Amino acid sequence: MTVSPRAPAPPGAPAEPPEDDARLIERSRHRPEDFAALYDRHAPAVHRYVARRLGEQAADDVVAETFLAAFRRRGRYDLSRRDARPWLYGIAANLIGKHRRSETRMLRALARTGTDPVADAMDRVDARVSAAAASRPLAGALAELSRGDRDALLLVAWADLSYEQVAEALSIPVGTVRSRLHRARRKVREALGGADPTEIEEGAGE
């Protein structure tokens with residue numbers, strides 16, 4: 001199959017909407033160089049997420065591995081899924097799992113000392129995760145979560161995925177996502193005396 005280049009739009013014509021991720025991936029199966037557009041679209045956000053969990057240096061390697069794995073698996077991508085973020089974050093989550101001990105050590109160090117080894121390299125939090133997310137009590141709570149519970153919680157809070165997208169990313173039922181989030185948030189609330197900076201608005205992510 002040969003993909004012909006698009007004719008330029010006439011002057012003054014409205015710009016065409018950007019291709020969805022599925023179309024980019026489909027096109028890259030025949031023109032591998034086109035996969036770079038998917039990298040440009042999503043790598044910065046994936047990098048921010050991984051860096052929050054593992055630090056800047058490890059994030060560089062994990063993101064490179066994530067997109068290399070995605071490139072190699074693009075022939076098996078489900079083209080009915082127009083948004084590739086859950087797929088990419090799922091690959092990243094598996095790679096982060098290989099660094100679980102490093103992540104836990106970093107969180108426990110923060111819980112003990114209040115020193116965030118990542119703070120100088122990146123924004124510490126976003127609109128959904130308040131400054132309390134870098135606090136010592138929360139770091140301690142995150143360190144004690146299981147890998148599955150931590151992944152589910154942070155994919156919602158830091159990667160801005162819906163419950164359904166987290167289920168897709170982790171290859172688990174939505175009900176399991178809800179159970180993991182409930183358990184993780186209960187531990188976070190206990191650690192912070194009832195507060196939970198990772199909580200989303202009622203109905204969000206549904």
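Predicted model: local features only at pLDDT ≥ 70, side-chain atom pairs only at ≥ 80, totals over all residues.
The secondary structure of the chain amounts to nine helices and zero strands. Read from the N terminus, the order of elements is α-α-α-α-α-α-α-α-α. The chain has 206 residues, and 44% of them count as buried.

Helix α4 covers residues 85-97. Its 13 residues should span 18 Å at 1.5 Å a residue, and the end C-alpha atoms are 18 Å apart, which agrees. Ten of the 13 residues are buried, so α4 is largely enclosed by the rest of the structure. The buried set includes the aromatic residues Trp87 and Tyr89. Leu88, Ile91, Leu95 and Ile96 are also among the buried residues of α4. Pro86, Gly90, Ala92 and Ala93 are buried as well.

A search of the whole structure finds 14 salt bridges. One of them joins Glu168 to Arg81, with the closest N and O atoms 3.1 Å apart. This pair links distant parts of the chain. Glu168 lies in helix α8, Arg81 lies in the loop between α3 and α4, and 87 residues separate the two. Both partners are partly exposed: Glu168 has a relative accessible area of 25%, and Arg81 has a relative accessibility of 38%.

Arg85 takes part in a salt bridge with Asp83, at 3.0 Å from N to O. Asp83 is partly exposed, with a relative accessible area of 26%.

A further salt bridge pairs Asp149 with Arg183, the closest N and O atoms being 2.7 Å apart. Asp149 belongs to helix α7 and Arg183 to helix α9, so the bridge ties together parts that are 34 residues apart in sequence. Asp149 is buried, with a relative accessible area of 2%. Arg183 is partly exposed, with a relative accessible area of 32%.

Salt bridges also form a network. Its members are Glu19, Arg23, Glu26, Arg27, Arg31 and Asp34.

Most residues other than glycine have a negative phi. Asp160 has a positive phi of about 65°, although it is not a glycine. This residue sits in the loop between α7 (147-157) and α8 (163-170). Asp160 is partly exposed, with a relative accessible area of 47%. Ser171 likewise is not a glycine, and its phi is positive at about 55°. Ser171 lies in the loop between α8 and α9 (174-191). With a relative accessible area of 66%, Ser171 counts as exposed, because the cut-off for that class is over 50%.

The surface carries a patch of negative charge. Glu56, Asp60, Asp61 and Glu65 gather there. Glu65 is placed in helix α3, which runs over residues 56-73. The relative accessible area of Glu65 is 38%, and the residue is therefore partly exposed.

Terms used. Residues numbered from 1 in each chain as written. Heavy atoms only, no water. Patch = residues over 30% accessible without salt bridge, like charges linked within 9 Å, V, L, I, M, F, W, Y side chains within 5 Å. Areas by Shrake-Rupley, 256 points an atom, 1.4 Å probe, with all protein chains shown as cover. Salt bridge = Lys/Arg side-chain N within 4 Å of Asp/Glu carboxyl O. Lys, Arg positive; Asp, Glu negative; His and termini not counted. Charge placed at Lys NZ, Arg CZ, Asp CG, Glu CD. Helix = DSSP H or I, 4+ residues; strand = E, 2+ residues; numbered from the N terminus. Buried < 20%, exposed > 50% of the residue type's maximum accessible area, 1.4 Å probe, protein only. Expected span 1.5 Å × (residues − 1).
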